[in-house]
Amino acid sequence: MAIKKYIINNINELCDAIECINNDVEKNISNQLITKTTLWYRGQANCKWSVVPSIQRNNRLSYEQVLSHSFYHGVRQISSAQMYRESFDKWVSMMQHYGLPTRLLDWSYSPLIALFFALNKYELYPKCDACITIIVPELLNQKQGFDPFIYPIDSKSAMSMLKSAFIKPNHSTDKVLACFSVSNDLRQYAQRSAFTIHDSMKSIYEICDYNFVYELYIPKNKKEHLKKVLDNLGITENFLFHDIEHVAKQTIHRHLPLEKDI
């Protein structure tokens with residue numbers, strides 16, 4: 001069976017789609033899980049982009065260990081933070097936070113936050129439909145041979161997959177693991193952040209079957225409208241990024257007229 005896809009023209013249709021997906025997941029679970037399933041959401045500005053971590057894009061994978069060691073060296077010289085070299089979860093999370101390509105892929109527990117990231121720079125992609133990919137992380141982990149619950153990123157299974165970002169293994173696990181952060185990070189908390197760790201070149205769509213991956217499409221002619229709705233609901237940069245830079249951006253957005261290029 002094909003992956004189920006929904007077209008989202010307004011917030012009501014978003015809510016209806018999520019309700020249908022939740023009902024679908026509950027109906028199709030053939031075994032009794034030890035925990036209730038959840039939905040994770042990932043928003044992308046272009047529906048044609050691959051759902052893969054940044055280190056696997058643009059032929060970057062061969063540079064992974066070089067990037068990791070260079071980042072470790074630089075941070076050690078200028079930061080007073082006390083982190084062990086073997087704290088691979090913390091180092092890779094920090095790399096992800098500061099924009100380096102990593103084997104982590106960002107997700108959110110919140111569909112509205114995923115919608116924000118799908119639409120935040122909608123004007124840069126006027127000819128593209130946006131999309132939200134939805135997975136059921138517990139079923140993803142079960143399909144990959146892990147226990148059917150969400151692992152902490154500092155668990156033994158997660159750490160063995162993150163270690164490969166620094167030390168090239170003889171062979172990869174060829175698996176993807178859904179995990180949650182354990183960092184004391186207000187931004188991750190605000191964004192309801194979660195991660196998949198990719199120690200495999202397989203995409204989410206190759207790993208997940210139709211029972212636990214779904215797609216929501218936002219037509220290009222609806223993106224501006226839905227972005228305004230999110231603004232009215234308070235899902236803004238200032239809400240998701242807790243720093244002075246984004247407070248300033250939100251202040252400009254709210255109180256100054258839109259400037260046009262001359």
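Reader: Which residue in β7 is the bridge partner of Leu104?

Author: The partner of Leu104 in β7 is Ile197. The model is predicted, with local features requiring pLDDT of at least 70 and side-chain atom pairs pLDDT 80 or more, while totals for chains, interfaces and linings use all residues. Residues are numbered from 1 along each chain as its sequence is written, and side-chain values use heavy atoms, with hydrogens and water left out.

Reader: In which sense do β3 and β7 pair, and over how many bridges?

Author: Two strands pair if DSSP finds at least two bridges between them. Strands (E, at least two residues) and helices (H or I, at least four) are DSSP runs, numbered from the N terminus. Here β3, residues 104–108, pairs with β7 in the antiparallel sense, over five bridges.

Reader: Which strand is joined to β7 by four bridges?

Author: That strand is β6, residues 176–180, which runs antiparallel to β7. Within this pairing, Ala178 has Thr196 of β7 as its bridge partner.

Reader: How many residues of β7 are buried?

Author: Buried means under 20% relative accessible area, exposed means over 50%, and partly exposed lies in between (1.4 Å probe, protein chains only). In β7, residues 193–198, six of the six residues are buried. Ser193, Phe195 and Ile197 are buried on one side of the strand, and Ala194, Thr196 and His198 are buried on the other.

Reader: Where does Ser68 lie, and what does it contact beyond its neighbours within four places in sequence?

Author: Ser68 belongs to helix α2. Ser68 counts as buried because its relative accessible area is 1%. Contact means heavy atoms within 4.5 Å. Apart from neighbours within four places in sequence, Ser68 touches Met95, Ala165 and Phe166.

Reader: How are α1 and α4 placed relative to each other?

Author: Two packed helices are described by the angle between their axes and the distance between the axes. The axes are lines fitted to C-alpha atoms over the stretch in contact, with angles from 0 to 180 degrees between N-to-C directions. Those of α1 (residues 11–28) and α4 (residues 111–119) come within 12 Å and cross at roughly 125 degrees. The two helices are therefore oblique to each other; under 35 degrees counts as roughly parallel, over 145 as roughly antiparallel, 65 to 115 as roughly perpendicular and the rest as oblique. Ile11, Leu14 and Ile18 of α1 meet Pro111, Leu112 and Leu115 of α4.

Reader: What phi does Asn59 have, and what phi does Asp174 have?

Author: Asn59 is not a glycine, yet its phi is positive, about 60 degrees. Asn59 sits in the loop between β2 (40–44) and α2 (64–78), and it is exposed, with a relative accessible area of 71%. Asp174, which is not a glycine, has a positive phi of about 60 degrees. Asp174 occupies the loop between α6 (156–162) and β6, and it is partly exposed at 36% relative accessibility.

Reader: How many disulfides does the structure hold?

Author: A disulfide is a pair of cysteine sulfur atoms within 2.5 Å. The structure holds zero disulfides. Cys20 has its nearest cysteine sulfur, that of Cys15, 11 Å away. Cys20 is partly exposed, at 41% relative accessible area.
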